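Subject: Structure handover

Hi,

Here is the structure you asked about. Please open it next to this note; what I found follows.

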Amino acid sequence: MLALDRDPQATVLSLSRELGVARNTAHARLRRLLTDGSLGPFSQRVRTEALGLPLIAFISVAISQSASESAIEQVRTIPEIIEMHATTGDADLHVKVAARNPADLHEIANRMLAIEGVERTSTAMSLVEVMPTRTQPLLESVALDERSAQA
């Protein structure tokens with residue numbers, strides 16, 4: 001996985017050379033990583049700014065317990081929501097939203113509030129992405145732990 005993280009466009013041949021395994025072995029490992037869900041979709045590489053949605057915000061959503069599944073399914077249909085997590089604490093969902101501008105963000109939050117079962121929202125706008133989503137340090141740490149366990 002480290003090799004793919006370093007070069008997401010690596011070919012099976014280049015992966016087999018870097019890993020020191022046969023091309024068929026590299027291909028089989030790559031196929032397994034895709035089918036078992038270890039690798040996320042390529043669509044996550046598209047930057048929202050390129051779509052005209054430069055504003056990123058995080059919205060905490062409180063949902064009535066009696067309507068939670070239905071409300072979550074309806075919230076999920078809002079296309080500007082690019083990530084969503086069920087959480088503990090004051091809110092039931094934490095959603096990451098991409099919007100054109102603050103007025104667009106306000107409209108997105110109002111769409112959420114119009115959903116039956118959504119009780120309230122709280123919004124925080126991102127000022128600047130200080131660190132994008134990353135996995136390389138985590139992958140390196142896990143690989144080091146696995147090597148230490150094998151030794």
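Of the 151 residues of the protein chain, 28% count as buried. Buried means under 20% relative accessible area, exposed over 50%, and partly exposed in between (1.4 Å probe, protein chains only). This is a predicted model: local features need pLDDT of at least 70, side-chain atom pairs count only at pLDDT 80 or more, and totals for chains, interfaces and linings use all residues. Residues are numbered from 1 along each chain as its sequence is written, and side-chain values use heavy atoms, with hydrogens and water left out.

Overall shape. The C-alpha trace spans about 55 × 35 × 25 Å along its principal axes. The radius of gyration is 20 Å, while a compact globule of 151 residues would have one near 15 Å. That radius is taken over C-alpha atoms, and the globule rule is 2.2 Å times the number of residues to the power 0.38.

Fold. The chain has 6 helices and 4 strands. Both are DSSP runs numbered from the N terminus: helices are H or I with at least four residues, strands are E with at least two. Their pattern along the sequence is α-α-α-β-α-β-β-α-β-α.

Sheet. The 4 strands form an open antiparallel sheet in the order S2-S3-S1-S4. Strands pair if DSSP finds at least two bridges between them. S2 (81-86) and S4 (118-125) are the edge strands with a single partner each, so one side of each has no neighbour in the sheet. S1 and S3 are joined by 7 bridges. One of the pairs sets Val61 against Leu93 in S3. S2 and S3 pair over 5 bridges, and Glu83 stands opposite Lys96 in S3. The hairpin of S2 and S3 has 6 residues between the strands; there, Gly89 takes a positive phi near 105 degrees.

Core. The largest nonpolar core has 19 residues, and Ile59, Val61, Val75, Val95, Val97 and Met112 have the most contacts inside it. Such a core is a set of buried Ala, Val, Leu, Ile, Met, Phe, Trp, Tyr and Cys residues joined through side-chain atoms within 4.5 Å. S1 (55-63), H4 (68-76), S3 (93-99) and H5 (102-113) each supply at least two of its residues. S1 gives the most, with 5. Apart from this core lies another of 8 residues, including Leu4 and Leu30.

Val95 touches, among others, Phe58, Ile81 and Met112, not counting residues up to four places away in sequence. Contact means heavy atoms within 4.5 Å.

Best wishes
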